[in-house]
Amino acid sequence: VAWVSHVEAWVALTLWMQLVQVLVMSTRLAALLYTVKELFSDVFRLLVLVAMAFMAFGTYLTCLQEVHFQEFFASCMVLLRVILDLDPPDLDEVGGWALMMVVLFVIGVQIGMLSILIAQLSLAYEHLSTDKQGYAKMNRVFVCVEIESFLPLQKRKDMHDALDFEAPLEFDSGDVGPGGGVQALENSAVRAHPKYVPDRVIRSPGAASAKEPWPDIVNKGKGNKEKEAFNNKKEGVEGA
């Protein structure tokens, strides 16, 4: 009966942890979830080093056969209780060498490794915060693809055909682009915004024929340098 209760507890815990995947519906929460996941990977790597330190110092203290350190597992548990300050045992009867090793272990883990962890997490968060929106969208795509894999193959084919990826996309009226995407129209109010930067790509729609003349662009107002460079390039191509 006891092991059944443990299984039920783990199942309930994992189900609630899986519910975290719902957070990818929000870009901000998805960015936070991705950042926390990446930071936990750094914490896990440091915990591996801490576990090796536990085994090394625990073995040393077990070999001394001091009070509270007669067995390897008991020695590791005493070190853990001392580190976490969870009812640590009285170490007054412990010898000098054993007490010195306990002090070195506490200094190395609590001061050394904890400081390294704080600095590493700070640098990792600074790096992730610059592109967390993009990482969040990538994480959302990964979750969507994973969920899509559970759908029947015919259902996925119907969804793919409904999106009509084969149809070419239009950049502008008469300017047909490549296919393989879903077109999203830009709001006309965007170009009226004072911070709007015009597209530096000069598009020339129409048939790509060598007999067709290059378009003549009049150099007026903003963007003269780009238009002059375009005309110079045009003249160089025509003279070649």
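Author: Start with the secondary structure. The protein chain has seven helices and two strands. Helices (H or I, at least four residues) and strands (E, at least two) are DSSP runs, numbered from the N terminus. This is a predicted model: local features need pLDDT of at least 70, side-chain atom pairs count only at pLDDT 80 or more, and totals for chains, interfaces and linings use all residues. Residues are numbered from 1 along each chain as its sequence is written, and side-chain values use heavy atoms, leaving out hydrogens and water.

Reader: In what order do the elements run from the N terminus on?

Author: The order is α-α-α-α-α-α-β-β-α.

Reader: What share of the residues of the protein chain counts as buried?

Author: Take the term first. Buried means under 20% relative accessible area, exposed over 50%, partly exposed in between (1.4 Å probe, protein chains only). Of the 240 residues here, 18% count as buried.

Reader: Now a single helix. What span does helix 3 reach from its first C-alpha to its last?

Author: The expected span of a helix is 1.5 Å times one less than its number of residues. Helix 3 covers residues 72-84, which is 13 residues. It reaches 19 Å, close to the 18 Å expected.

Reader: Which residues of helix 3 are buried?

Author: They are S75, C76, V78, L79, V82 and I83. Seen down the axis of helix 3, these buried residues fall within an arc of 160°, so they line one face of the helix. The arc is that of the directions from the helix axis to the C-beta atoms.

Reader: Why do residues some places apart point the same way?

Author: An α-helix has 3.6 residues a turn, so residues three or four places apart point the same way.

Reader: What do the buried residues of helix 3 pack against?

Author: They pack against helix 2 (27-64) and helix 4 (96-130). Contact means heavy atoms within 4.5 Å. Just after helix 3, D85 takes a positive phi of about 60°.

Reader: How many aromatic pairs does a search of the whole structure find?

Author: Rings of Phe, Tyr and Trp (its six-membered ring) pair if their centres lie within 6.5 Å; planes under 30 degrees apart count as stacked, over 60 as edge-to-face and the rest as tilted. The search finds two pairs. F54 and F105 form an edge-to-face pair, 4.9 Å centre to centre with 70° between the planes. F54 lies in helix 2 and F105 in helix 4, so the pair ties together parts that are 51 residues apart in sequence.

Reader: Are F54 and F105 buried or exposed?

Author: F54 is buried, at 13% relative accessible area. F105 is buried too, at 1%. Ring pairs link F54, F57 and F105 into a cluster.
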